[in-house]
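Please look through the sequence and the structure shown here before going on to the text.

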Amino acid sequence: MGLDMFMFSLPKVTGRKFEDIVQASLALEKEGREALPEDILRGFEPFIRKRYLFGEPDRAYETVLEEVGYWRKANHIHRWFVEHIQDGKDDQGSYEVTREDLLSLRRLCEKVLKNPKRARELLPTTSGFFFGSTEYGESYFEDLKDTISIIDAALSVLELGNKHVFYNSWW
């Protein structure tokens, strides 16, 4: 167990809010295509692919989610998302992130990497059950480098203009 953090992409569906698309993607994975309204199904159709749970063909399901990035116990990055994207709610929800949000976090990571002595001030760690170390050591700074790579991947997805990008955590 531990803090697992994800960045995913979802297709945009004309006339539908992000929250509706998240709910529709969950319905697709749990109940199949027949659970989706026709307008959402049409929007999802080009993005639907089969995924196999634990690689087992008899445990297949359809999804539109694509993983853009993954962190493990990068509690300082999680704290940033909670404070800047989730309005302070640490509730394991799915929260859309914009290009501007991603660029803001990227600049912050770069600033801390250039001046590690300001880490505690600029991008502090946070404690929590299963959240990992709160030390400002090697893994802290590796998480910053990983975050920059994940952000670059997410920005590439957003440039296409046909997908949402969102952050989700679980512990």
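Leaving aside residues up to four places away in sequence, Phe 81 touches Met 7, Trp 71, Gln 86, Val 97, Leu 105 and Tyr 167. Apart from the core to which Phe 81 belongs lies another core, of 19 residues, among them Ile 21, Leu 28, Leu 36 and Phe 44. The model described here is a predicted one.

**The largest nonpolar core**

The largest nonpolar core has 32 residues, and those with the most contacts inside it are Met 7, Trp 71, Ile 77, Phe 81 and Leu 123. At least two residues of this core come from each of β1, β4 (66–72), α3 (75–84), β5, α4 (99–114), α5 (119–122), α6 (138–159) and β6. The element that gives the most to this core is α6, with nine residues.

Helix α3 is mostly covered, since seven of its 10 residues are buried. These buried residues are Asn 75, His 76, Ile 77, His 78, Trp 80, Phe 81 and Val 82, and they pack against β1, β4, β5, α4, α6 and β6.

Thr 147 has its place in helix α6. Is Thr 147 buried or exposed? Its relative accessibility is 0%, and therefore Thr 147 counts as buried. When residues up to four places away in sequence are not counted, Thr 147 touches Trp 71, Ile 77, Leu 105 and Cys 109.

**Helix α1 and its surroundings**

Helix α1, which runs over residues 18–31, has 14 residues and reaches 20 Å from its first C-alpha to its last, close to the 20 Å expected at 1.5 Å a residue. Within α1, the buried residues are Phe 18, Ile 21, Val 22, Ala 24, Ser 25, Ala 27 and Leu 28. An α-helix has 3.6 residues a turn, so residues three or four places apart point the same way. The cover over the buried residues of α1 includes β1 (4–11), α2 (38–44), β3 (60–63), β5 (94–97) and β6 (163–170). After α1 comes Gly 32, whose phi is positive, near 95°.

**The largest pocket**

The largest pocket has a volume of about 270 Å³. Its lining is made of 13 residues, of which Phe 8, Leu 26, Glu 29, Leu 65 and Asn 168 lie nearest the centre of the pocket. Which element supplies the largest share of the lining of the largest pocket? That share, four residues, comes from α1, while β1, α1 and β6 each supply at least two residues of the lining. By kind, the residues of the lining divide into eight nonpolar, three polar and two charged.

Phe 8, one of the residues nearest the centre of this pocket, lies in strand β1. Phe 8 counts as buried because its relative accessibility is 15%, which is under the 20% limit for buried residues. Leaving aside neighbours within four places in sequence, Phe 8 is in contact with Leu 65, Glu 66, Glu 67, Val 68, His 164, Val 165 and Phe 166.

**Residues in loops**

Most residues other than glycine have a negative phi, and most peptide bonds are trans. Gln 92, in the loop between α3 and β5, has a positive phi of about 60° although it is not a glycine. Phe 130, in the loop between α5 and α6, likewise has a positive phi in a residue other than glycine, near 75°. Phe 130 is partly exposed, with a relative accessible area of 28%.

Arg 59 lies in the loop between β2 (49–52) and β3, and with a relative accessible area of 36% Arg 59 is partly exposed. Apart from its neighbours within four places in sequence, Arg 59 is in contact with Arg 51, Tyr 52, Leu 53 and Phe 54.

**Separations in sequence and in space**

The table sets out pairs of residues, with their separation along the chain and their C-alpha to C-alpha distance.

| Pair | Apart in sequence | Apart in space, C-alpha to C-alpha |
|---|---|---|
| Phe 8 and Ile 21 | 13 residues | 13 Å |
| Thr 147 and Trp 80 | 67 residues | 12 Å |
| Arg 59 and Gly 128 | 69 residues | 34 Å |

Notes: Residues are numbered from 1 along each chain as its sequence is written. This is a predicted model: local features need pLDDT of at least 70, side-chain atom pairs count only at pLDDT 80 or more; totals for chains, interfaces and linings use all residues. Side-chain values use heavy atoms; hydrogens and water are left out. The expected span of a helix is 1.5 Å times one less than its number of residues. Buried means under 20% relative accessible area, exposed over 50%, partly exposed in between (1.4 Å probe, protein chains only). Contact means heavy atoms within 4.5 Å. On a 1 Å grid over the protein atoms alone, a cavity is a set of points where a 1.4 Å probe fits but cannot get out, and a pocket is an open set with protein on both sides within 12 Å along at least five of seven lines; lining residues have an atom within 4 Å of a point. Grid points are joined across faces, edges and corners, and a volume is the space filled by probe spheres set on the points. Ala, Val, Leu, Ile, Met, Phe, Trp, Tyr, Cys and Pro count as nonpolar, Asp, Glu, Lys and Arg as charged, and the others, Gly among them, as polar. A nonpolar core is a set of buried Ala, Val, Leu, Ile, Met, Phe, Trp, Tyr and Cys residues joined through side-chain atoms within 4.5 Å.
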